[in-house]
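Q: Could you take me on a close look at one part of this protein, the nonpolar core, and show me how it is put together?

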Amino acid sequence: MSWGTELWDQFDNVDKHTQWGIDFVERYAKFVKERLDIEQNYAKQLRNLVKKYCPKRPKDEEPRFTSCLSFYSVLNELNDYAGQREVVAEEMAHKVYGELMRYSQDLKAERKHHLQEGRKAQQYLDHCWKQMDNSKKKFERECKEAEKSQLTYDRLDNDINATKSEVEKAKAQFYLRTHMADESKNEYAAQLQNFNAEQWKHFNNALPHIFKNLQDMDERRTVKLGETFRSFAEAERRVVPIISKCLEGMVSAAKAVSERKDSAIVVESFKSGFEPPGDFPFEDFSQNLSRTGSDGTISNTTPKGERDKDGGPAPRSDPKHPMSRTKNKLWLFGKKPKAPSLEDFSHLPPEQRRKRLQQRIDELNKELQKEMDQRDALNKMKDVYEKNPQMGDPISLQPKISETICNMEKLRSEIHKNETWLSEVEGKQSSRGDRRHSADNHHHTPQGRESPEGSYTDDTSQEHHTPQHRPSPSQPTNPNPDPHEFDDEFDDDDPLPVIGHCKAMYSFDGQNEGTLVMAEDEVLYIIEEDKGDGWTRARKQSGEEGYVPTSYVEITMEKNSKGAVTYI
């Protein structure tokens, strides 16, 4: 339906409608602007929330619980989700709001141009009408003047008293007025014809063309609004897959929470390596009393429980016996006394001390490697300077090389000192482990010998068998300690359990101290996972332990290895 044919007389209403259309575009643009501001503020608040609850401590100091790690994963996914909200706001800003504002300006300019053309056409038609109206009025005046002159001439011509000159003058005036009326008539007819022609052009050509342009503009505006509505929705739809992945990541983080792993981490973090105190022996103070049974006095007896356990009278307590020293260890069940922090971590329980010493040794080894790399680089630079003196003076590098070598010696000394302490801790663990296994076999297997796996055997050669415990590559071997030297220490863990097995993909010569020789395709038992340094602790079928390169083996971890002690 065309505006030119249907709304030819509604120019003012068309003017108002087109103005309303532009106002509506700007109103929708304002709505989009407020919506994207909400998205930006929402994303900003989400990022601030994530920043607030993100860990501020170094990664190595953060809890390793699965619940904590899952929470940090949720925070990362939420941060990505906030990023997608920012993407939505950016898409709306550029493809919807920015586009609407540019289009609104174009609409205003186009509308102004079409309305100016319409007003010009109307003004020209009004001008033609005024000319026609003026010629009409002039023709009317001239006709009235001509009638007056005719009446005057007729009156003088019939008056016998009028002179001939008066009659001639009235006649000439009459002819003049008649001529002027005829000319006005012709001019009026011409102007009327011209106005009719211009009016036809105005309502049949000019105005329909202008209305058509305005109609096209308004329809384009409507189409543009529909496109921006779609772009508004598409900005949200494009990020839906990524947002879904963020939500899936949160669900996966929730599934990764494991109460068993968290419990194991608690044990690993706080395990002291001490054993609970044993039973207190019965101390008989009545042995020096000599009374007859008829007096009902105390005889040289022992409690029934002690007789049943030991099969006879209990011996007197030995003040040097380890059991008598447990009185000093009851702090395990009460308030632990505070101990000052010492360089060798001797204030810590054995297991925690071992971990801290191993951690320090690893850090010192990294620093030593850096110093060695720096020394090698300085030596290479010195060689270059010696071969090309114009590049620099090799003597100037000597102080730095000497300083680096001095630092290396200090670090090696520190490493050796910490390795000695570590060997001391592991030596205590091995010594206490030997005594504990021996005592267990003596008291609990009177008819046979119980193997570490829980089965019984008659082979007495296994009674004191303990797997060989070898130090890591950076730990020196410690001589066998005096079994009574560490009586005041608590017993530590059993030898490391088997947690998996591996197959050697390549042969390894194991020339370094603490490493394990292995042949290609040889199967070994895993007793300690790779701690991030590229080495895995393994045990051979023969019981020999050591470290092998993680990249040389194909590892298979046992699913139910936690807490199971297996001796090979």
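A: **A look inside the core**

In this predicted model, the largest nonpolar core is made of 36 residues. Those with the most contacts inside this core are Tyr 28, Val 32, Met 92, Leu 100, Phe 211 and Leu 214. Which helices does the core draw on? At least two of its residues come from each of α2 (11–53), α3 (66–158), α4 (164–238) and α5 (240–255). The largest share belongs to α3, which supplies 14 residues.

Now zoom in on Tyr 28. Leaving aside residues up to four places away in sequence, Tyr 28 touches Val 96, Leu 100, Leu 225, Thr 228, Phe 229 and Phe 232. As a general background idea, nonpolar side chains in soluble globular proteins tend to be buried together.

With 93 residues at 1.5 Å a residue, α3 should span 138 Å, and its end C-alpha atoms are 134 Å apart, so the two values agree. Along the way, α3 has a kink of about 35 degrees, centred on Ala 93.

Finally, step back to see the setting. Another core lies apart from the one we toured; this other core has 11 residues, including Ile 499, Leu 524, Ile 526 and Val 548. The protein chain as a whole has nine helices and seven strands, and 33% of its 568 residues count as buried. Among contacts in the chain with a separation of 6 or more, 74% join residues 24 or more positions apart.

Terms used: Residues numbered from 1 in each chain as written. Predicted model: local features only at pLDDT ≥ 70, side-chain atom pairs only at ≥ 80, totals over all residues. Heavy atoms only, no water. Core = buried A, V, L, I, M, F, W, Y, C linked by side-chain atoms within 4.5 Å. Buried < 20%, exposed > 50% of the residue type's maximum accessible area, 1.4 Å probe, protein only. Helix = DSSP H or I, 4+ residues; strand = E, 2+ residues; numbered from the N terminus. Contact = heavy atoms within 4.5 Å. Expected span 1.5 Å × (residues − 1). Bend = angle between axes of the 7 residues up to and from the residue.
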